[in-house]
Amino acid sequence: MKSRRSFCLLSAAFCLLAAAGCRQDMHNQPKYIPLRDSALFANGSSARPLVEDTVARGTLQDDEAFFTGKTGGADVNTLPFPLTKEVLDRGEQRYNIYCSPCHDMTGAGQGMIVRRGYRQPPSFHIDRLRQVPIGHYFDVISNGFGAMPDYRAQVAPRDRWAIAAYVRALQLSQHAAAAEIPAEDRQKLSQSPPAPSEGAAKHE
Amino acid sequence: MSQIFARSTNIWSKVSILAVPILVAFLGWAVVTISWSGYVTGQGLTRDQPVQFSHAHHVGSMGIDCRYCHTTVEESAFANIPPTKTCMNCHSQIWTSAPILEPVRASFRDNTPLQWWRVHDLPDFVYFNHSIHVAKGVGCATCHGPVDRMPLVYQENTLQMSWCLDCHRNPQKYIRPRDQVFNMSWQRPADDPGMGERLVKDYKIADVRQLTSCSTCHR
């Protein structure tokens, strides 16, 4: 009799132990990981905004042309760093992510969101926008323009310049004189276009 | 002295020889099944969010790129959930009076963050990093499944250690060209069986020893 009771007790204790093993202490540790909530602050978020006007080491934005697109209040007219193929490729990629939903892939302003009811932006292929200095594009991305939201938080300054450069390339693609095309390519203009290959129009 | 065991005990002892292993095997099976089920791993479950945000709508039918919202996925460990401002980029003009979007507008007005519930949640003792996977050609769809067809996000895979290890041992079975990482409908080309091995070499993927060593994920 006695041994049976102690057997029961033992097995009950074992079950309790096993259940205690399911505690999730190490799974959910009391530390902050990105975007985890906090009971400490009024709005419930653990990430705190920077105190206004603080500058972290190495992030002083002292290059006015690079960080504002302006010098002395006027839009700058040149890219603040050398233009390379990498810059244009990066610009194309970023443009397609952040701008094409509204401005569409060619810059005509017929993007998917516009077709769902967003206000239609002007086409990039109008004279006024072909003639504005490149700093204007940087400024529009950084601060928004009329009905267009700003993309300051989503696009880093260097990428904003890359996008601006790519918009220039888009404009050229719709507005090049035949004389500007290299001779061997100009010949292709008079040939009949090749049949569109399958998948050529797919984007990444 | 009378006999201690009744005659019928013979049968019981014989039955129990068979029954005990079966019981043990059943218990083992039950434990494994439960620990592999969605109930424990979270696989296949959706969660009630403050706003019923649909990736099928925004990604599938409107073609918005993952990076428009998950901005840090290429550079940091964390993929980032977009702030309310990102939603308001469009919803300041689209569906401005829809009741379904009221929590978004309220959050923007009052400057209080929306509280999304995590769908994927690794234990805190595991270190995971998005940027390395994106840089080495592991597509979002490989780990997260067809997000562009999900009205509500669910967890496609178990996220168990064996799942991570299966790929870390054989990355050539899963990786794709870097420029296809964000393409949700990419298919492994049937006419190029050597592509996986070639990419592993081109992208200089670390060797199996390093990728399966405990301190890679438990640091």
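1. In which helix of chain A do Asp89(A) and Lys85(A) lie, and how many residues apart are they? Both belong to helix H3 of chain A, which covers residues 85-98. They are four residues apart, about one turn of the helix. The model is a predicted one, and the remarks in this note should be read with that in mind.

2. Asp89(A) and Lys85(A) form a salt bridge, in which the closest N and O atoms are 3.0 Å apart. Side chains of opposite charge can pair when their charged atoms come close. Over all chains, the count of salt bridges comes to 14.

3. The next point concerns the overall form of chain B. This chain has 12 helices and zero strands, so that its pattern along the sequence reads α-α-α-α-α-α-α-α-α-α-α-α. Chain B is more spread out than a compact globule, because its radius of gyration is 25 Å, well over the 17 Å that the globule rule gives for 219 residues. Along its principal axes, the C-alpha trace of chain B spans about 95 × 50 × 35 Å.

4. How is chain B divided into domains? Domain 1 covers 8-35, domain 2 is made up of 55-61 + 71-80 + 118-217, and domain 3 covers 82-115. Between domain 1 of chain B and domain 3 of chain B, the C-alpha centres lie 57 Å apart.

5. The size of an interface is often given as the accessible area lost when the parts come together. Here, the area buried between chain B and chain A is about 2600 Å², with 53% of it given by carbon and sulfur atoms. On the side of chain B, Tyr68(B), Gln93(B) and Asp124(B) lose the most area to chain A, and together they account for 24% of what that side buries.

6. Which charged and polar pairings join the chains? Three salt bridges are found across the interface of chain B and chain A. One of the salt bridges in the model links Asp124(B) with Arg36(A), with the closest N and O atoms 3.2 Å apart. Between the two chains, 14 residue pairs are in polar contact.

Key:
Residues are numbered from 1 along each chain as its sequence is written. Chains are lettered from A and ligands numbered from 1 in the order in which they are written. This is a predicted model: local features need pLDDT of at least 70, side-chain atom pairs count only at pLDDT 80 or more; totals for chains, interfaces and linings use all residues. Side-chain values use heavy atoms; hydrogens and water are left out. Buried area is the accessible area (1.4 Å probe) that two parts lose on being put together, summed over both. A salt bridge is a side-chain nitrogen of Lys or Arg within 4 Å of a carboxyl oxygen of Asp or Glu. A polar contact is a pair of N or O atoms within 3.5 Å; within protein, one must be able to donate a hydrogen and the other to accept it, and residues adjacent in sequence count only if both atoms are side-chain atoms. Domain bounds come from an automatic or database domain assignment. Helices (H or I, at least four residues) and strands (E, at least two) are DSSP runs, numbered from the N terminus. The radius of gyration is taken over C-alpha atoms; the globule rule is 2.2 Å times the number of residues to the power 0.38.
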